Amino acid sequence: MLRTHTCGELRQTDVGKEVVLAGWVHRMRDHGGIVFLDLRDRWGITQVVVDSKNARAYAVASALRPEYVVQVKGVVQKRPEGFANPRLATGEIEVHAESLEILSPSELPPFEIEGKKEVDESLRLRYRYIDLRRRRMQENLFLRHRAAQSIRRFLDSRGFIEVETPFLTKSTPEGARDFLVPSRLNPGSFYALPQSPQLFKQILMIAGFDRYFQIVRCFRDEDLRADRQPEFTQVDIEMSFVDREDVMKLVEELMQVLFAEVLGVSLTIPFPRLSYEEAMKRYGTDKPDLRFALPIDDLTPLFFEEGEKFFGGHVAIRGLFVPQDHGFSRKKLDALAQEAKDKHLSFSWVRKTQEEFSSPLKGKISDSLFQRLVAQYPFQEGSVLLLSWGEEEALQEFLGELRVRIGKDLEEKERFAFTWVLDFPLFEWSKEENRWVSVHHPFTAPFDADLPLLDTDPARVRAKAYDLVLNGYEVGGGSIRIHRRDLQEKIFTLLSLTEDEIREKFGFFVEALQFGCPPHGGIALGFDRLVMLMCGEDSIREVIAFPKTQKGVCLLTGAPAPVTREQLDVLGITLQGSRK
């Protein structure tokens with residue numbers, strides 16, 4: 001080894017030891033005759049002292065620059081009285097260098113490793129190897145590692161087996177676009193990179209493995225944002241002979257152990273539960289952020305009980321009460337009114353100042369209705385009730401987004417707030433495709449009580465599905481699966497798949513269902529999103545070693561990139577416009 005110790009492990013008990021350290025020059029301070037080096041590796045920082053009395057070592061030290069990789073041989077000494085650094089684990093000692101060797105020089109980095117200035121993300125991604133030297137990035141990846149190991153230990157202790165499933169598989173309809181891989185050995189045919197190991201994990205249940213998991217890479221060719229990447233990691237779990245409650249209980253216990261082991265945070269289980277309908281009405285989204293309250297109230301019955309015509313026709317009326325003084329100036333309220341107008345909604349407000357209520361609604365609705373309205377809320381100085389009305393779907397979206405914007409600025413809120421969202425519809429109507437599509441995926445089982453509705457009213461069929469939500473992000477989605485061939489084929493037919501399409505795309509799976517498939521279910525947890533939230537980051541790019549940009553580009557390697565004509569010829573591929 002080129003070292004005897006890391007840069008983070010020496011303590012007072014090591015004083016007097018001869019040691020060899022290796023790492024990067026973090027900082028240098030030349031005090032005229034003595035050079036102080038902060039030597040860094042992934043374990044920490046150790047201060048190295050190079051005295052001019054050691055002419056050779058001092059000459060090398062004087063030539064060093066930040067990020068040079070060096071080896072130091074020396075003796076551990078206690079720092080002089082008053083010079084200890086309590087911010088470092090090694091802050092009570094220093095190493096007095098006897099020899100110093102440059103292992104690798106470095107150009108001046110494009111940005112400071114531990115600078116306080118914000119660095120443009122594209123520059124960070126272009127020089128990711130420099131960015132990953134930063135303590136924040138390393139701590140994020142250390143946490144990611146610990147989280148993965150905690151999950152593996154927990155699932156192993158519960159009788160799960162980790163099985164690897166194929167990356168080169170078959171393209172299937174439904175869901176996002178596939179990444180396609182041409183087959184050289186089968187000209188004109190393509191593999192698809194898996195969006196999920198969905199069918200393989202269900203086949204493992206048919207094969208009798210009973211409890212499977214995998215921390216697996218998945219691929220989706222979809223538009224990107226802060227919590228999406230074209231390649232991502234999920235914790236894939238499947239169980240046999242279970243119902244919805246069994247899967248949810250297991251996941252709650254997994255989260256409880258994970259957060260305790262990795263963050264020292266105690267989670268209370270079971271987590272709260274919301275129906276899909278309740279989540280949409282009270283929070284305007286099926287992934288509500290419950291770190292703060294701020295529910296959306298349905299005021300439609302109150303207003304129309306009075307027979308008020310001011311709101312015009314059959315519209316929904318919602319209210320969002322903000323009890324704290326949130327600085328809603330008239331200018332800010334007017335801006336919100338314009339936002340609502342842009343979404344074809346109407347907007348108003350009620351505010352309390354100096355024991356008086358002010359509102360554009362005064363004089364436009366009856367005094368009795370106004371008094372009944374304000375009596376519903378605990379108004380204090382600075383409290384405001386935001387009201388909007390119009391088409392229900394647009395209303396939910398507008399107030400849901402507004403609720404999150406207000407809530408993020410609140411000082412008093414929970415650090416982690418989990419909830420389950422249940423009872424999703426099984427189907428939704430796609431106007432673009434003019435057909436029913438699956439809300440989750442076509443292998444999700446319907447409620448037993450709703451089976452007759454498949455033939456009469458598919459819109460009312462509920463799914464045995466469950467989403468796990470944390471701080472306003474969906475971090476997991478799962479369901480009880482269809483385990484009978486006849487029901488699976490019926491669902492495919494409702495999704496407008498022909499017999500030929502079913503046979504071509506899913507023939508192997510439908511065939512497997514007729515060989516004794518146990519009732520089963522599972523969940524896929526978005527590992528990147530989960531780690532992002534555990535780290536307190538706003539983007540999954542901060543917890544992935546080598547992420548893509550929002551355009552799907554790797555700035556480090558330049559991927560995706562053109563390939564040679566020879567490579568395309570081997571695959572039998574011709575690019576549009578390249579040949580006549």
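**Exercises on a predicted model**

In helix H1 (residues 55–62), the buried residues are Ala57, Tyr58 and Ala61. The structure is a predicted model.

**Exercise 1.** Determine how the buried residues of H1 are arranged around its axis, and which strands they pack against.

*Solution.*
Step 1. An α-helix has 3.6 residues a turn, so residues three or four places apart point the same way.
Step 2. Viewed down the axis of H1, the buried residues fall within an arc of 100 degrees, so they line one face of the helix.
Step 3. Ala55 and Arg56, on the other side of H1, are exposed, that is, over 50% in relative accessible area.
Step 4. The packing partners of the buried residues of H1 are strands S1 (18–30), S2 (34–41), S3 (44–51) and S5 (93–104).

**Exercise 2.** Carry out the corresponding analysis for helix H13 (residues 485–494).

*Solution.*
Step 1. Leu487, Gln488, Ile491, Phe492 and Leu494 are buried in H13.
Step 2. These residues cover an arc of only 160 degrees around the axis, which puts them on the same side of H13.
Step 3. They pack against strands S18 (427–430) and S19 (435–438), and against helices H12 (453–456) and H14 (499–513).
Step 4. Just after H13, serine 496 adopts a positive phi of about 70 degrees.

**Exercise 3.** Describe the burial and the pairing of strand S22 (residues 520–526).

*Solution.*
Step 1. Six of the seven residues of S22 are buried, so the strand is largely enclosed by the rest of the structure.
Step 2. Strand S10 (residues 231–240) pairs with S22 in the antiparallel sense over seven bridges; glutamate 238 stands opposite glycine 522.
Step 3. Strand S21 (residues 473–480) also pairs with S22 in the antiparallel sense, over five bridges; here leucine 525 is the bridge partner of glycine 476.

Terms used
Residues numbered from 1 in each chain as written. Predicted model: local features only at pLDDT ≥ 70, side-chain atom pairs only at ≥ 80, totals over all residues. Heavy atoms only, no water. Buried < 20%, exposed > 50% of the residue type's maximum accessible area, 1.4 Å probe, protein only. Helix = DSSP H or I, 4+ residues; strand = E, 2+ residues; numbered from the N terminus. Arc of directions from axis to C-beta. Contact = heavy atoms within 4.5 Å. Pairing = 2+ DSSP bridges.
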